[in-house]
Amino acid sequence: MKVEISKGIEELKFALLSPEEIRRMSAVKVITPDTYDDDGYPIEKGLMDPSMGVIEPGLKCKTCGGKVDQCPGHFGHIELAMPVVHIGFIKEIYSILSSTCSNCGRIKLPDSNLKEFFEKIKDTANRLSDIEYDDIVSEVESDASEVVICPHCHFENQKVALDKPTTFREEGKKLTPKEIRERFEKIQNDDLPLIGLDPKVARPEWMILTVFPVPPVNVRPTITLETGERSEDDLTHKLVDVIRINQRLRENRDQGSPQLIIEDLWDLLQYHVTTYFDNQTPGTPPARHRSGRSLKTLVQRLKGKEGRFRSNLSGKRVNFSARTVISPEPFLSINQVGVPAKAARELTVTETATEHNFERLKELIKNGPGRDEAVYKPGVNYVYRIDGSRIKISEKNSAEVAEKMELGWQVERQMEDGDIVLFNRQPSLHRMSMMAHEVRVLPYRTFRFNLAVCAPYNADFDGDEMNLHVLQSQEARAEAEILMKVQENFLSPRFGGPIMGAIHDHITALFMLTYRNPLIPLETGLHITSYIDVDRTPETVEVDGKRYFKGRDIFSLILPEGVNLEFKGKLADKSLDPNGTEGLIRIEKGKLVNGAIDENAVGQSKGALLDYVLRKYGNAEGAKFLDNLTRLAAGVISFTGFSTGIDDEDVPGEAKAQLREVGNEAVQKVEKLIENYKNGLIGMEPGKTLEDTLESMVMKALSQAREKSSEIASHYLGMDNSTVIMARSGARANMMNLAQMAGIIGQQSIRGQRQHRGYTNRTLPHFQKGDIGAYARGFVSSSYKEGLNPTEYFFHATGGREGLVDIAVRTSRSGYMQRRLINALEDLKVSEEGKVLDTEDSVIQLEYGEDGTDPSRSFEGDSVDVDYLVKEIFGTKYEGGKK
Amino acid sequence: MTILAWKDTLKKVKEILEKAPIGYCLDYEIPADKSIKEALITVTGKTFVAKAKISKIAPYQNEKNVLKKKKDKLKTLITIEKIEEIQDDIVNYEEVSGGSVDKVLSYAVIVKKEEAKIELPDHMEGKLNSEVKSLIRQVEKDGNSLPVKIAEQLTAAKKHYGIGEKDFEKLIKATLEKYKETGVDPYEAVGIVGAQSIGEPGTQMTMRTFHFAGVAEMDVTLGLPRLIEIVDARKTPSTPSMTIFLTEKARGDEDRAVSLARSIESTTLLDVADIEVNTTEGYVLILLDKQKMQERGLKREEIMPRLKKIRMQKTAISEEENKIRLSQEEPSYKKIYQLYENLKTFQVKGLDGIKRAIVKFDQKAKEWVIYTQGSNLAGVMELKDVDYTRTKTNDIIEISQVLGVEAAREAIIEESTSTLHNAGLNTDIRHLMLVSDMMTFSGNVEAIGRHGISGKKASVLARAAFEITSKHLLNAGLIGEVERLNGVAENIIVGQPITLGTGAVKLSYRREE
């Protein structure tokens with residue numbers, strides 16, 4: 001591998017190709033509409049002429065002598081027998097035809113007018129944007145096209161009409177491309193800027209093709225199928241058509257065939273040239289492959305999501321990357337990623353041998369390409385000598401190559417623990433979708449990471465796959481480590497709070513560890529503490545001669561020293577926490593003295609404790625805290641065990657009776673409302689019709705029923721119930737979900753209304769016509785556990801379907817919105833003075849966000865958290881407000 | 001100092017230049033004004049080419065030895081003492097009387113515009129209390145700056161905790177230090193972060209439209225569709241609506257609120273009456289519905305004068321109790337039918353566009369507020385009893401037309417914040433400000449997308465990569481567009497490092513000798 005000095009591209013200029021230019025850059029004049037002869041050799045002056053580049057390995061290009069990977073390919077050309085118009089410029093050709101004089105070629109406006117327009121363009125030449133220029137051009141066009149008598153030569157012009165897609169007519173008479181070209185040749189260079197052309201790069205007659213460029217073969221390679229059959233590219237097919245018709249046209253023209261035949265052939269040539277450029281031109285039947293598939297020609301290659309621009313230029317396939325299924329691993333740090341050994345052997349980092357790493361690289365080469373061992377030992381796959389030649393390392397030659405190694409060799413070393421890689425999950429909706437991790441090579445075949453990192457990636461383990469990219473340069477590694485590491489991305493730039501945190505069982509476990517401060521037998525407690533990275537154990541208490549740890553003391557082990565914090569947990573409610581020992585979480589001097597740890601303490605994007613540790617102790621300490629937290633949770637839950645089952649939703653008989661009562665009451669209440677409505681006893685609410693008033697009253701009554709059932713269910717389901725623990729601690733689900741399982745599911749709605757569509761005057765044939773009662777409009781009084789009756793089941797399914805459709809529509813719509821937003825804002829940057837500038841250095845904001853604060857460094861949007869500062873500086877001096 | 005200006009031909013200007021000092025006759029009537037001592041002449045209407053010192057402006061007399069702008073119809077004679085060639089942009093001047101500067105067709109009396117100065121936003125300080133003000137001043141003395149919000153929080157904390165002066169100094173110092181730490185880094189890709197921060201929560205939003213705060217019939221688009229609508233800069237929102245606040249006097253009075261609401265509700269004739277057509281005898285009969293009229297607070301006397309304005313020729317109106325008869329002298333089926341069609345949508349009352357207006361009592365602020373379906377900001381702002389300083393509409397384009405682009409910028413921020421907030425999502429206001437600034441910085445409200453910002457990008461490649469690829473490439477060839485590779489998308493396409501973040505700076509290594 002040679003070190004190449006790369007040159008930057010300063011700017012690109014776009015231009016039209018002139019016929020001379022096309023001939024000049026052409027390597028061969030293509031005249032044969034064939035590709036290969038019977039022996040499989042390319043035909044001379046055919047479409048696969050080796051002068052246009054090579055695609056088969058081993059062959060050499062006739063023009064430059066390069067091999068496959070050296071020759072960039074060369075254009076050829078076709079001399080068209082008759083000129084044809086370029087479909088991409090039809091509109092421009094039309095506007096030039098109608099705004100210039102067919103006799104003298106001047107724009108049909110008096111000199112004084114033209115001067116004025118020139119003035120306009122010149123005057124503002126520097127600051128003229130494309131849009132303003134376009135406006136002037138279209139003004140010239142609309143003014144000039146209305147003039148009949150040319151002010152320059154007093155010729156009476158006739159109106160030109162465009163007969164789509166490619167025919168021009170003047171007063172019904174067809175204008176051939178040849179005639180158009182002749183007219184365009186008369187236009188003066190000086191007039192071109194007013195037509196919208198830059199005379200330096202384009203002449204109007206170049207929009208009428210007389211010479212046709214044939215792209216290099218690399219652009220349209222032949223594919224050889226497994227059967228040995230050759231299959232040509234779509235462009236080649238189209239070029240064959242063009243050459244064939246061109247030949248016939250020339251022959252007929254030279255023989256002096258009837259005008260009619262020539263015109264037909266000319267039109268056919270126009271069709272082929274048109275579809276060669278754009279096979280989706282409106283008004284033209286698309287050219288088709290033998291199989292009926294329409295051909296992908298030039299415009300189709302570039303356009304759209306699968307086109308060259310979006311699919312190959314804006315996004316590129318890369319080397320040094322891997323993709324596999326992900327799975328959880330609480331024993332990895334949040335900064336790490338587990339990489340399967342199999343992948344690690346394929347992914348390499350290129351290192352140049354220097355005095356500093358010489359011995360280490362030598363040892364690595366000696367390891368060979370890797371053996372299957374219990375402990376992973378990185379090896380080397382390839383070595384590049386100074387002259388660029390490559391040696392593949394095998395078990396046999398490893399020792400030999402290691403000895404031969406010299407300074408300056410490049411060694412493609414296999415991945416080892418501690419390498420920095422980028423880890424990514426699509427859709428990459430925000431910058432935390434791609435973060436840097438440290439590698440840990442592990443057995444088996446999945447990527448693994450700490451569960452706290454699920455949130456920024458929005459990952460779960462139901463089969464999700466993720467991508468991994470190995471960084472190759474020292475600069476890239478440094479940047480990634482400083483800017484992209486997981487611990488540097490704790491705080492989301494969206495709202496200035498932490499987005500990572502404990503989830504699901506972590507919260508359950510910590511909740512169980514701290515709820516009511518349980519006593520944990522010494523032995524179990526020691527086992528649990530062995531999961532975490534601390535060098536001390538909590539004090540023990542003795543009860544009945546046995547030694548115990550206290551749960552909250554164990555939790556306190558992972559807190560950094562000196563944490564002083566007080567906040568409300570999820571249980572901060574008199575009814576849930578009558579003694580006040582659980583809801584109010586208080587930490588004094590790094591010790592949890594009151595409260596149960598729950599979602600509000602350590603959960604994703606709302607963990608107050610987590611937030612505090614991050615801000616006070618920094619990212620590294622925050623990462624350590626989260627690492628310990630996830631391990632502790634794994635330890636706790638391993639020893640206590642935790643499961644839930646259908647019997648968690650069992651409620652006693654009396655509760656069941658109460659629930660049934662609530663359901664029936666609601667239904668009766670609705671009946672009564674409907675009766676009142678029918679008797680005209682309901683008053684209108686402001687701004688509503690009578691029907692709407694009834695609907696809202698019914699909805700209210702039914703949602704009350706569900707709330708009541710929720711109350712009953714939570715009354716009978718206590719904190720000894722696994723599902724309740726999950727709901728109350730914020731690990732998963734909420735009390736309403738439980739009530740739906742145990743009690744009443746409630747009203748099923750479509751677009752926020754009760755179900756009302758279906759058959760004539762009824763939703764389902766199971767009901768009477770005109771029935772607008774609770775059940776007939778989608779009220780479900782059963783519970784998930786009991787099961788639903790058929791009509792309920794049906795309504796429930798319609799509601800569920802609405803949800804699915806909603807999600808499908810939403811993702812595509814919001815995806816497009818985000819693409820547009822990104823495209824509009826991608827170029828904005830903060831200047832060194834703190835202004836926000838775009839690519840042309842226009843000032844979008846004088847100071848970013850009016851205060852120059854980076855949201856990801858803010859305190860939930862505020863530049864400075866004053867209250868926190870007061871506490872930090874003065875300690876308890878000003879506690880509790882003014883004295 | 002006032003200056004006289006007029007447009008002339010280049011030939012005449014040269015003539016004056018040659019022959020000055022001289023009298024010059026103009027074909028406009030210019031009142032004699034002794035304060036005018038200078039004159040400027042323009043040829044193109046864009047720049048002044050000559051500056052003259054004049055001594056007298058007098059009515060035209062046929063004298064000898066004077067130059068004439070035209071051969072006849074001359075009206076004023078001015079005496080030019082001295083004249084010199086200059087180059088001065090016409091936009092630097094503004095008119096005092098006469099014609100307008102931008103099209104000096106006849107003459108104009110103008111003054112030089114004062115140079116634009118950017119002043120510190122003093123208007124903000126008016127709202128701040130003195131303590132906050134003095135704190136900001138104090139900090140500025142030391143060469144630092146503090147955002148108003150933080151200064152407010154500091155003074156509030158001082159009061160709340162009862163912090164002593166010495167400790168407060170300490171706190172200010174610590175705050176300033178913290179504030180410096182939170183600054184954005186140069187070359188930070190704030191645009192991309194902003195776009196992501198708005199786009200990402202989009203996936204979590206709902207698609208449904210919601211009923212407005214307990215009032216059925218009044219739908220308000222919320223959630224993702226509303227957000228898309230805002231960034232699209234739609235001409236009219238799908239559910240335009242207004243919140244009209246009342247002046248201090250009217251705030252507490254339900255009757256006044258209700259009558260105001262009724263008076264702005266646009267009511268068509270069909271809303272309060274049945275219309276019958278009699279084609280054989282050629283008349284249209286309007287049958288007023290008493291009950292409906294009462295509901296809408298409409299009296300028959302109010303309808304009549306309006307009806308008379310109807311622009312149909314030769315229509316006779318006669319009225320009986322609750323019946324209005326419109327007949328035509330020469331009845332033709334076509335005309336009668338047209339009359340009927342006109343009457344159906346005939347607005348008898350209210351403001352254009354306001355379909356419904358509902359009065360509600362705001363429990364928190366203890367005042368009556370009018371909510372409307374449909375929006376007419378300009379109309380509502382003119383009404384008596386309306387507190388136009390607080391009155392809102394959700395039609396951003398209308399705001400930009402009525403109150404200007406700065407107001408539209410605020411409206412975009414406000415509307416998008418509340419949309420995200422309503423969905424229970426938390427997004428930093430700085431991101432929304434950036435989007436809003438980007439949409440409005442050109443002076444008009446521009447959409448995010450191919451018809452707006454993305455379509456106006458300087459880079460061909462960036463435009464081609466976004467949408468309508470071939471059109472942009474072909475056009476670039478015609479006008480010889482140059483791709484300067486300043487943006488992100490362009491550089492990715494050609495395979496170079498981008499110009500933001502760490503790609504904006506270059507590293508070099510200085511080897512120690």
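Before we start clicking, a word on domains: the domain bounds used here come from an automatic or database domain assignment. Keep in mind, too, that this is a predicted model.

**Stop 1: chain A, piece by piece.** Colour chain A by domain, using domain 1 (17-75 + 215-228), domain 2 (87-205), domain 3 (321-489), domain 4 (505-640), domain 5 (646-804) and domain 6 (829-873). Now pick out domain 4 of chain A and domain 6 of chain A: their C-alpha centres are 35 Å apart.

**Stop 2: chain A as a whole.** Switch to a cartoon view and you can look for 26 helices and 31 strands in chain A. Chain A is more spread out than a compact globule, because its radius of gyration is 38 Å, well over the 29 Å that the globule rule gives for 883 residues. How many of the 883 residues of chain A count as buried? The share is 39%. And if you look at contacts in chain A with a separation of 6 or more, 68% of them are between residues 24 or more positions apart.

**Stop 3: A:Arg220.** Select A:Arg220 and you land in the loop between β6 (208-214) and β7 (223-224) of chain A. Is A:Arg220 buried or exposed? It counts as buried, because it has 22 C-beta neighbours inside 10 Å, and the cut-off for buried is 20 or more. Leaving out residues up to four places away in sequence, A:Arg220 touches A:Pro215, A:Asp233, A:Leu235 and A:Thr236.

**Stop 4: two helices in chain B.** Over in chain B, show helix α6 (residues 190-202) and helix α17 (residues 429-440), which pack at an angle of about 110° with their axes 9 Å apart. That angle makes α6(B) roughly perpendicular to α17(B). To see the contact, show B:Val190, B:Gly191, B:Gly194, B:Ser197 and B:Ile198 on α6(B), then B:His431, B:Leu432, B:Leu434 and B:Val435 on α17(B). Sorted by class, this contact of α6(B) with α17(B) has 5 nonpolar, 4 polar and no charged residues.

**Stop 5: B:Glu140.** Finish in helix α3 (residues 130-141) of chain B, where you'll find B:Glu140. B:Glu140 is exposed, with 11 other C-beta atoms within 10 Å. Now select B:Lys292 as well: it is 152 residues from B:Glu140 along the chain, and their C-alpha atoms are separated by 65 Å.

How values were computed:
Residues are numbered from 1 along each chain as its sequence is written. Chains are lettered from A and ligands numbered from 1 in the order in which they are written. This is a predicted model: local features need pLDDT of at least 70, side-chain atom pairs count only at pLDDT 80 or more; totals for chains, interfaces and linings use all residues. Helices (H or I, at least four residues) and strands (E, at least two) are DSSP runs, numbered from the N terminus. The radius of gyration is taken over C-alpha atoms; the globule rule is 2.2 Å times the number of residues to the power 0.38. A residue is buried if 20 or more other C-beta atoms lie within 10 Å of its own, exposed if 12 or fewer, and partly exposed in between; C-beta atoms are placed from the backbone. Two residues are in contact if their C-beta atoms, placed from the backbone, lie within 7 Å. Axes are lines fitted to C-alpha atoms, for helices over the stretch in contact, and angles run from 0 to 180 degrees between N-to-C directions. Angles under 35 degrees count as roughly parallel, over 145 as roughly antiparallel, 65 to 115 as roughly perpendicular and the rest as oblique. Ala, Val, Leu, Ile, Met, Phe, Trp, Tyr, Cys and Pro count as nonpolar, Asp, Glu, Lys and Arg as charged, and the others, Gly among them, as polar.
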